[in-house]
Amino acid sequence: MFRRMFWFLTGAATGAWATVKVNRAVRRLSPDGLAASAADRALETGARLRLFARDVRAGMAQREGELQDALGLTGRDRPKALPAADDTPGLTAPNSDVPAARRGITYNAYDRKDEH
């Protein structure tokens with residue numbers, strides 16, 4: 001009697017476990033699940049790229065300080081550091097909705113000195 005009950009409960013537990021696993025796989029491979037997974041990966045990649053850019057900027061600032069110290073440019077003759085790209089006012093993405101003239105970009109063919 002106990003032997004049959006053991007195998008019955010083992011089979012029921014295995015069936016329940018398999019059902020849960022299959023339902024999770026179906027949900028994960030559905031179009032909504034794939035879209036959510038792709039969005040999560042894109043957000044994670046963006047965060048990693050932001051961290052990388054921040055580390056590069058910090059390294060650049062450190063190296064700039066080392067070079068200025070080595071060249072004797074420390075003190076009041078030291079040039080001001082440029083603001084980070086995120087902090088610079090007026091800079092927008094190339095494909096923004098703001099017209100080029102409002103961004104301070106002009107296209108004047110007569111400004112080129114190499115042409116006659």
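**Entry 1: a patch on the surface**

I started with Met1, Met5, Phe8 and Leu9, which make a nonpolar surface patch of about 520 Å². My note on the term: patches are made of residues with over 30% relative accessible area and no salt bridge, with like charges joined within 9 Å and nonpolar side chains (Val, Leu, Ile, Met, Phe, Trp, Tyr) within 5 Å. The areas come from the Shrake-Rupley method with a 1.4 Å probe, and for residues only the protein chains shown count as cover.

Before going on, I wrote down that this is a predicted model, where local features need pLDDT of at least 70 and side-chain atom pairs count only at pLDDT 80 or more, while totals for chains, interfaces and linings use all residues. Residues are numbered from 1 along each chain as its sequence is written, and side-chain values use heavy atoms, with hydrogens and water left out.

Where does methionine 5 sit? I found it in helix α1 (residues 2-28). Methionine 5 is partly exposed, at a relative accessible area of 44%. For the cut-offs, buried means under 20% relative accessible area, exposed over 50%, and partly exposed in between (1.4 Å probe, protein chains only).

**Entry 2: the whole protein**

Of the 116 residues, 2% count as buried. The protein exposes about 11,100 Å², and carbon and sulfur atoms supply 60% of that.

**Entry 3: two rings**

I found one aromatic pair. Phenylalanine 6 and tryptophan 7 have ring centres 5.0 Å apart and planes at 70°, so the pair is edge-to-face. The rule is that rings of Phe, Tyr and Trp (its six-membered ring) pair if their centres lie within 6.5 Å; planes under 30 degrees apart are stacked, over 60 edge-to-face, and the rest tilted. Tryptophan 7 counts as exposed, at 56% relative accessibility.

**Entry 4: helix α2**

I checked the length of helix α2 (residues 31-71): its 41 residues should span 60 Å at 1.5 Å a residue, and its end C-alpha atoms are 59 Å apart, which agrees. The expected span is 1.5 Å times one less than the number of residues. After α2 comes glycine 72, with a positive phi near 75°.

How many salt bridges does the structure hold? I got two. A salt bridge is a side-chain nitrogen of Lys or Arg within 4 Å of a carboxyl oxygen of Asp or Glu.

- Glutamate 44 meets arginine 48 at 2.8 Å, N to O. They are four residues apart in helix α2, so about one helical turn separates them. Glutamate 44 is partly exposed at 41%, while arginine 48 is exposed at 57%.
- Arginine 63 meets glutamate 66 at 3.2 Å, N to O. Arginine 63 is partly exposed at 46%, and glutamate 66 is partly exposed at 38%.

How values were computed
Helix = DSSP H or I, 4+ residues; strand = E, 2+ residues; numbered from the N terminus.
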